[in-house]
Amino acid sequence: MNKYSVHIHGWLLLLPAAALLALFTHFPAVATLYHSFFSNPRKGREAAWVGLENYRVMIDDPVFWQSFANNLWFALGTIPLSIALALLMAVWVNGRIAGKAFLRIAFFTPTVLPMIAVANIWLFFYTPQYGLLEQLTSLAGLPSHNWLGSRDTALACLVVVTIWKEAGFFMIFYLAALQGMSPNLAEAAAIEGAGRWYFFRRVTFPLLMPTTLFVLVNAVINSFRLVDHIVVMTRGGPDNVTSLLLYYIYDVGFKFWDLAYASALTMVLLALLGLLAIGQFVFLDKRTHYQ
Amino acid sequence: MSAISVQQVSKHWAAARAVEDISFEAEAGAFVVLLGPSGCGKSTTLRLIAGLESVTSGRVLIGGVDVTALPPSKRRISMVFQSYALFPHLSVAENILFGLKVRKVAAAEQRLRLAKTAETLGLAQLLERKPSQLSGGQQQRVALGRAIIAETQVCLMDEPLSNLDAQLRHDMRREIRALQQALGVTMIYVTHDQTEAMSMADRVILLRAGRVEQDAAPADLYARPASVFAARFIGTPPMNIIALADGAQGAVIKGTQEGVVYRGPGGGMLLGVRPEDIQLVESGVAAKLEAIEYLGADSILVCKAGTETLIVRAQGKVARAPGTAVQLAWPREAMHIFEAASGARRDDVLVAAGVAA
Ligand SMILES: Nc1ncnc2c1ncn2[C@@H]1O[C@H](COP(=O)(O)OP(=O)(O)OP(=O)(O)O)[C@@H](O)[C@H]1O
Ligand SMILES: [Mg+2]
C-alpha cells in the first residue's frame, strides 16, 4: 500500500463519525453563531444582517442579567456541596462497613432515576399544605410556607434537588479512584501513627485531585446546563428568581420565538463554559498529581 | 532492643485458616526469617505482629509488653511492604519524613535524621524526586529509608526484594543484613526464597499451611531437616528423597536388590541425601546415568537406581556419557531417614542400624 492510500483509508474510516459530529455538533454551533448576527425572521420579513445588535440588546436585558446572577448563585450553591458530599459518601462506602453494596446502590439511585420523575417527587416534597416538608414543619409547629412559590426559597429548593442528584453521580468517580488506591498506603500510614483525618488530608485527597478536577469541570458544566428541573418545578418563577441561563434561552427561543436573540444568548453561554473549562484545567492542572 | 514473642497465635477467616497455633521467639537484635511456600501464612503472621490484622486467638509480645490489643502505631515497629507503599504524590524526602511529621518531631531533628538516612542509603541526590521517577531499586531504598528513620527497635519486612532483578537482589540482601546489624534492630523478614533465608537469617522459621514446620538456625535447617517438607525446601537442587524397601541384608533402594543402605528395615522409609553429598565412586550403589546438565562450576547428573531418581551435583565437568552405568556413594553422616507416611525425621532408625551415634 502506498502512502496516499494509507491516508485515504484512514480518512475513510473516520468519515462516518466525523460526518455525524459535523452534522449535529459543529454545523449547529457555527449556524448559531451565524444567526446571532441577524435579526429574527418573521412572517413576510426576511432575516437581515444586524451585526452585534443582538448582543447590545443583551447588555440592556435585565432578565438576562438576572438569569446570569441566578446561575452564579446556583453554581456556587451546588458545586462545592455536591462534590464534598460525593467525596464523603465515597470514602464512607469504600471503608469496611456492613451493607456496603446496599449503600452504594442507595447513593447512586438519584442518578439513575429519570430527571422528570425526580422533579415530580421533589415537587410533592415542596407542595404547600400537604407536601412532605410542610407536614414536617407543621409538626414542629412552624408556620406554613410556600417553598417553591416564595422568592426567598425557590432557588434554594432547586439547589437542594441538584445536590441530591449530582452527589451520587460524582461519588461513583471518587469510589472508582479510591478502589484503585493500594490499601498498603493506609497501612503504612497507620503504622506511622497517622490518624484518619491526617491520612485523608495528606494522602487520599491529593491523590484524588485528578478525579476532583474531572468532577469539578463536569459540575460546572452541569450547573450551567440545568433546564428540566426548572421546566417541571418552577418554570423560572416566581419573578424569574429561578430562571437560569439555559432555561432563559429556552424561553426566548421556544416561547417568544426570538431565535436570533436565543442564538446570541447561546453563544455567550458556550463561550462562558469554554472559558471556565480551560481556566480550570490550566489553573488546577499544575497542582494535580497524575499517576 | 526488643524481643518478639508470638504465643499460640491463630488467625481464621471465614474461608481460610491462614495461621494455626503458631509460636516462636525472636531474640532482641536477631534476624528472623519467615520462610515458606506461597499461601502458607507468612504475610498474615507478619501482619498479626504489626497489628494490621487482629488475632483470632493467642498473644503477641514485643519487648516484653503484650501488644495483642494495641494498634500498629503503638507497637513501636516499622514495616517495609512488598509493594513499597510509597506515597506517589510526595517527594522522596517527604516520603521518608512522613512518620516524623505525623509524630510532630522538631524540624531541626527531622533534617538531621533525613540527612543521616539519605546518606546511609545513598539517596542524597534523589530527595526531590517523586517515586515514579525512581528505579525499582531506588524505590526499595526509599521504603527502607522510611523504616529506618523511625529508629524503632523492631522492623518487619514482607518480601521487600521480590520486585528486583537477581543482581540487585543479591546486593540488597547484603545491605539489609548489614544495616540490621549496624542498627541492632530485631528483624522479622518474610520471604519464599530459601537463598534469601539461608544467607540473611540468624533463625529461620519454616511455615507450612499455617503451622511452624521447623524453627532452627540456617545451618541446622540444612543439616538436620525435621521433615521431608523441610528437606525439600532448602537447597538447590533440593535433597533427594528416595523410597526404600526391605532387602535381604537390610534396607535397599526401591527396585534394587544389591547395595545395602543401612542394616535394618527399609519398607515405609525414605532416604534423604543432598545432591552435593553424593560422589561418583568405583564401587557403591549401582545406577544408570540418564542426563547431565553442565553449569560451569559444577554439573548436575540425573541418575536412576531401581525405580528412584537421584540428582548428583559433581564438581566441574563430568566426562561420562548419558546411558552409561555409574556407582554412587555418600558419607554416612549425609544420610537422613524419614518416615514415608508422616514425613517425620527418624534418626532412631539409623541409631538402631548402628550408622549414627
Ligand atoms: N483477607 C483475607 N481473607 C481471607 N483469607 C485470606 C486473607 N488474607 C489471606 N488469606 C488466606 O490466608 C492464607 C495465607 O495467606 P498469606 O497472605 O499469609 O500467604 P503468604 O504466605 O504471604 O503467601 P505469598 O508468598 O503468596 O505472599 C491464604 O490461603 C490466603 O488465601
Ligand atoms: Mg505474602
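For the grouping used below, Ala, Val, Leu, Ile, Met, Phe, Trp, Tyr, Cys and Pro count as nonpolar, Asp, Glu, Lys and Arg as charged, and the others, Gly among them, as polar. On this basis, the shell around ligand 1 divides into 3 nonpolar, 5 polar and 2 charged residues. The model is predicted. The residues that surround ligand 1 are Trp13(B), Ala18(B), Ser38(B), Gly39(B), Cys40(B), Gly41(B), Lys42(B), Ser43(B), Thr44(B) and Glu159(B). Helix α1 of chain B, residues 42–50, supplies the largest share of this shell, with 3 residues.

Polar contacts to ligand 1 involve both side-chain and backbone atoms of chain B. In the side chain of Thr44(B), an N or O atom is placed 2.5 Å from an oxygen atom of ligand 1. For Ser43(B), a polar side-chain atom is 2.6 Å from an oxygen atom of the ligand. Cys40(B) takes part through its backbone, where a polar atom lies 3.2 Å from an oxygen atom of ligand 1. The ligand taken alone exposes 640 Å², and 61% of that area is buried by the protein.

Chain B as a whole contains 9 helices and 19 strands. Its C-alpha atoms fill a box of roughly 80 × 45 × 35 Å along the principal axes. Of its 357 residues, 51% count as buried. The chain exposes about 15800 Å², of which carbon and sulfur atoms supply 51%. Among contacts in chain B between residues at least 6 apart in sequence, 63% join residues that are at least 24 apart.

Strand β7 of chain B, residues 154–158, is largely enclosed by the rest of the structure, because 5 of its 5 residues are buried. In a regular strand, side chains alternate between the two faces of the sheet. In β7(B), Val154(B), Leu156(B) and Asp158(B) point one way, while Cys155(B) and Met157(B) point the other way, and all are buried.

Two pairings of β7(B) were examined. Strand β6 of chain B, residues 77–80, pairs with β7(B) in the parallel sense over 4 bridges. Within this pairing, Val154(B) of β7(B) is the bridge partner of Ile77(B). Strand β8 of chain B, residues 186–191, also pairs with β7(B) in the parallel sense, over 5 bridges. Here Met157(B) has Tyr189(B) in β8(B) as its bridge partner.

In chain A, Phe199(A) is located in helix α9, residues 196–207. Phe199(A) counts as buried because its relative accessibility is 13%, and the cut-off for a buried residue is under 20%. Leaving aside residues up to four places away in sequence, Phe199(A) touches Leu185(A), Ala186(A), Ala189(A) and Thr204(A), together with Phe87(B) from chain B. Phe199(A) and Arg225(A) are 26 residues apart in sequence, and their C-alpha atoms are 36 Å apart in space.

How values were computed
Residues numbered from 1 in each chain as written. Chains lettered and ligands numbered in written order. Predicted model: local features only at pLDDT ≥ 70, side-chain atom pairs only at ≥ 80, totals over all residues. Heavy atoms only, no water. Near = heavy atom within 4 Å. Polar contact = N/O pair within 3.5 Å; in protein donor to acceptor, adjacent residues only side chain to side chain. Areas by Shrake-Rupley, 256 points an atom, 1.4 Å probe, with all protein chains shown as cover. Buried < 20%, exposed > 50% of the residue type's maximum accessible area, 1.4 Å probe, protein only. Contact = heavy atoms within 4.5 Å. Pairing = 2+ DSSP bridges.
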